[in-house]
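Please walk through the model below one part at a time.

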Amino acid sequence: MTGSSLINRLIESLRCLPSVGPKSAQRMAYHLLEHNRQGASQLAHDLLEAIEQIGNCEQCRTLSEKTVCDICNNRGRDQSVICVVESPADVQVIEQVAGYRGVYFVLMGHLSPLDGVGPIELGLDILAKKLDAGIITELILATNPTVEGEATAYYIAEMASTRGIKATRIAHGVPIGGELEYVNSTTLSHAFNGRVEL
Amino acid sequence: MMSGPCTALVTAMISSHKVNLELAYILHSRPYRDTSLLVDIFSRTHGRIGAVAKGAKQAKSKFNGLLQPFGLLMLSWSGKGDLMTLTDAEQPQAALDINGSQLISGFYLNELLTRLLQRHDPHQILFDIYHETLCILVKDEHLEAVLRRFEFYLLQETGYGLVLDHDVETGEAIQTEACYCYYIERGPVKIDKTSDQQQGVLINGQTLLAIKDGSLVEALHLKQAKQLMRAVIAHQLGDKPLRSRELAMQKVL
Ligand SMILES: [Zn+2]
């Protein structure tokens, strides 16, 4: 360990990254300084720029450097169907696999009264305005299958139902390739409730 | 007589707890570091416990998917001080199928427990009432009465029990036909139906007795009971209101 306070500060800063403990932070810092100063400089530059320029799409709240993100701005997408998700990462996942052609609304979390997260913190007032505008015909609720995710889906479904808008919930259940014996009972009960006729 | 080192060993064993498969519910969990969870546990014999469940968010974790509110669990933990380490979790029975507005009521119960119970204070009776309340909640029957019953026991078990059987000024038994003003931290005082607005909650004698007997049925009684509980609980909670009430669409909380 050197006594250099700047190095120690860098190591400490790197620990804000997920999955980075003191050991790996130290490895990263030495790697960048010893072998890849150019990469480090690019990283510093990109980080600063991203922090300054990336905000939230004013339509769907996902992370975006534009006022309105590319998905919301895409005329080829069905603006009358909104898929509600908890995080921008969920948008990425659905975009990659599902062949979904509607737009999104990103909550940036879920209802969690014990953490002080209520409807306003999730931007549900913005969603309510969208629903009131009369363009939306269907909400697809793709929040996580946790109790908070379920409560959030229920709350938004009620918002839709009072306005006569259809709300659907994505199915949750047994993972493909999984064995029933190893699935916990909550998952299994979801799978049972969401069963479909063959 | 115990010798010195032996006493020290015993003390160490007491302060460093090991609890094995104890009946418990998760009141709340939140992410901790990358893969772990911090859980707020309501256990039957040890009361409210804070614990860390290491690696609980990893797909292969034995805790994966189990550490959610509203499912009866058997939990093992060890450690000392305010933060225990969860070592094992089992689900002794099928998880409750709790949905929709039931979840909101459930959050309300959990918020009350986390706000009003001190850590490490055992509350066995309350634990059993909580368990029963959840079981009735999922049947969607007598929802309001069930919530009021829970609140009644919660207040009683945390030392703020309501006075429901006598007038605190005269000492006379509560009369079904009389009208009372319930002063928080004191109790009910009989009033004239014509008297001015009082600094308390107006409530019928019949409602007071129905809360006591757990026989709230009529709409007026339910409404008055809710007003009373709200006022008393708000008094205990201080300035920070309950967030779960914001989510209630059925006005039952
Ligand atoms: Zn957008």
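Which residue just after α4(B) takes a positive phi? In this predicted model, that residue is G159(B), with a phi of about 90 degrees.

Helix α4 of chain B covers residues 143-157, 15 residues in number, and at 1.5 Å a residue it should span 21 Å. The expected span is 1.5 Å times one less than the number of residues. The end C-alpha atoms of α4(B) are 21 Å apart, so the model agrees with the expectation.

Next comes the setting of this helix. Of the 15 residues in α4(B), 11 are buried, and the helix is mostly covered. The buried residues are E144(B), A145(B), V146(B), L147(B), R148(B), R149(B), F150(B), E151(B), F152(B), Y153(B) and L154(B). An α-helix has 3.6 residues a turn, so residues three or four places apart point the same way.

Chain B as a whole contains six helices and eight strands. Along the sequence, their order is α-β-β-β-β-β-α-α-α-β-β-β-α-α. Chain B has 253 residues, and 35% of them are buried. Its C-alpha atoms fill a box of roughly 70 × 55 × 30 Å along the principal axes. Among contacts in chain B with a separation of 6 or more, 56% are between residues 24 or more positions apart.

Now turn to the place where the two chains meet. Here 21 residues of chain A are in contact with 27 residues of chain B. On the chain A side, α7 (147-162) and α8 (185-193) each supply at least two residues. The largest share of that side comes from α7(A), which gives six residues. By class, the side of chain A that touches chain B has nine nonpolar, nine polar and three charged residues.

Helix α7(A) also has a place in the fold of its own chain. Together with β5(A) and β6(A), α7(A) makes a right-handed β-α-β unit. The strands of this unit, β5 (residues 138-141) and β6 (residues 166-169) of chain A, run parallel and are joined by four bridges. In one of these pairings, L141(A) has R169(A) in β6(A) as its bridge partner.

Note on methods:
Residues numbered from 1 in each chain as written. Chains lettered and ligands numbered in written order. Predicted model: local features only at pLDDT ≥ 70, side-chain atom pairs only at ≥ 80, totals over all residues. Buried ≥ 20, exposed ≤ 12 C-beta atoms within 10 Å, placed from the backbone. Contact = placed C-beta atoms within 7 Å. Nonpolar A, V, L, I, M, F, W, Y, C, P; charged D, E, K, R; others polar. Pairing = 2+ DSSP bridges. Right-handed = clockwise from strand over helix to strand, strands pointing away.
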